[in-house]
Amino acid sequence: MNALKTGEAIGRPATNDDEDHGSRVDPSLHWYFHPITNSRAHEEVVEQIAYAILSGAYSVGERLPSVEQLAQAMNVSKPVIGEALKVLTKSKTLHVQRGSTGGLFVLTNRIKESLVSMGGQMNRLSLTEIVEARHPIELQLALLAGERATETDFAAMQSCIDNLRKYRDGDLMLRMRFDHLFHYSIGRAARSRALAHYQYQLLEQLFVLMQDYFLYREDPNLVVDLHERTLAAIRSRQPEAIRQIIAEHMRPLEEVATTAALRLPDAASA
């Protein structure tokens with residue numbers, strides 16, 4: 001991904017706070033799409049739109065910004081946006097409706113793995129590196145959420161927990177949807193653009209790398225409990241309580257990553 005510039009908003013819906021910080025926000029957009037300059041631009045367009053849908057900014061059935069708005073927001077041509085839309089419509093993520101009431105509409109928030117990291121670099125990192133990076137990012141987001149979260153933010157987190165509990169014994173993709181959405185809700189509550197974006201990339205790549213773990217080894221009841229206690233700690237706004245629960249929350253995956261690393265052959269002896 002491109003380096004973030006000062007003032008670029010990414011990883012959360014627009015808020016009134018951005019006007020206070022001098023950001024220029026198109027009032028017709030309620031999500032930030034940052035400029036793209038790489039040579040495979042349509043892939044990053046796909047990733048940004050997938051991120052906006054996965055993180056809850058655009059719901060199923062909701063209309064996305066127009067092609068012109070997306071092109072302007074991401075600083076690419078309309079044909080580049082069109083190429084990305086072909087990918088997203090072919091995967092049945094979006095539907096293009098023609099006519100005066102037409103536009104780009106979200107068909108599903110269950111994004112296919114192949115779209116998750118098309119424009120990112122996380123697929124080049126090892127499981128150990130990704131898990132290692134996740135802990136400090138999740139911790140800082142939770143600490144910031146403890147400072148900045150509103151009652152609306154807390155309600156969004158609670159809704160994710162309620163849905164996770166409802167679907168904990170159901171389809172893996174649906175369960176992971178609400179698991180990840182809980183963390184994305186923390187990212188939005190933190191009001192930290194860059195950290196929320198990296199959180200998204202790490203979480204989605206973890207799912208790609210560890211589907212068997214989430215399907216066969218992870219205890220959904222434990223996840224629900226950890227999310228409930230994470231929300232309680234953030235609500236308490238006490239940094240030490242937040243640090244303790246995030247450490248506990250991250251521990252199962254850290255142990256899996258450590259075990260996997262120990263099973264790899266020693267590069268020095270190869």
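In which helix does H183 lie?

Reply: H183 lies in helix α8, which covers residues 172–190. Keep in mind that this is a predicted model.

Start with the setting. The protein has 270 residues, and 47% of them count as buried. Its secondary structure comes to 12 helices and 2 strands. Read from the N terminus, the order is α-α-α-α-β-β-α-α-α-α-α-α-α-α. Among contacts with a separation of 6 or more, 73% join residues 24 or more positions apart.

Now the residue itself. H183 has a relative accessible area of 3%. The cut-off for buried is under 20%, so H183 counts as buried. Leaving aside residues up to four places away in sequence, H183 touches R134, E138, Q199, L203, H227 and H249. Another neighbour, H227, belongs to the α11 side of the contact between α8 and α11.

Two packed helices are described by the angle between their axes and the distance between the axes.

Take α6 and α8 first. Helix α6 runs over residues 127–148. The axes of α6 and α8 come within 7 Å and cross at roughly 55°. Angles under 35 degrees would count as roughly parallel, and 65 to 115 as roughly perpendicular. The α6 and α8 pair is therefore oblique. The crossing is left-handed.

Helix α6 has 22 residues. At 1.5 Å a residue it should span 32 Å, and its end C-alpha atoms are 31 Å apart, so the two agree. The buried residues of α6 are I130, V131, R134, I137, E138, L139, L141, A142, L143, L144, A145 and G146. R134 and E138, which H183 touches, are on that buried list.

Next, α8 and α11. Here the axes are 12 Å apart and the angle is about 15°. With under 35 degrees as the cut-off, α8 and α11 are therefore roughly parallel. This crossing, too, is left-handed.

Look along α11 itself. Helix α11 spans residues 220–236, 17 residues in total. Its first and last C-alpha atoms are 24 Å apart, close to the 24 Å expected at 1.5 Å a residue. P220, V223, V224, L226, H227, T230, L231, A233 and I234 are buried in α11. H227, a neighbour of H183, is one of them.

Both ends of α11 deserve a glance. After α11 comes R237. R237 has a positive phi of about 60°, although R237 is not a glycine. Most residues other than glycine have a negative phi. R237 sits in the loop between α11 and α12, the latter being residues 239–263. Its relative accessibility is 37%, so R237 counts as partly exposed.

K166 and V224 are 58 residues apart in sequence, yet their C-alpha atoms are 10.0 Å apart in space. K166 is in helix α7, residues 151–166. At 61% relative accessibility, K166 counts as exposed, whereas V224 is buried in α11.

To sum up, H183 is buried in the model. Its helix, α8, is oblique to α6 and roughly parallel to α11.

Note on methods. Residues numbered from 1 in each chain as written. Predicted model: local features only at pLDDT ≥ 70, side-chain atom pairs only at ≥ 80, totals over all residues. Heavy atoms only, no water. Helix = DSSP H or I, 4+ residues; strand = E, 2+ residues; numbered from the N terminus. Expected span 1.5 Å × (residues − 1). Buried < 20%, exposed > 50% of the residue type's maximum accessible area, 1.4 Å probe, protein only. Contact = heavy atoms within 4.5 Å. Axes fitted to C-alpha atoms, helices over the stretch in contact; angles between N-to-C directions. Parallel < 35°, antiparallel > 145°, perpendicular 65-115°, else oblique. Left-handed = near helix turned anticlockwise from the far one by under 90°.
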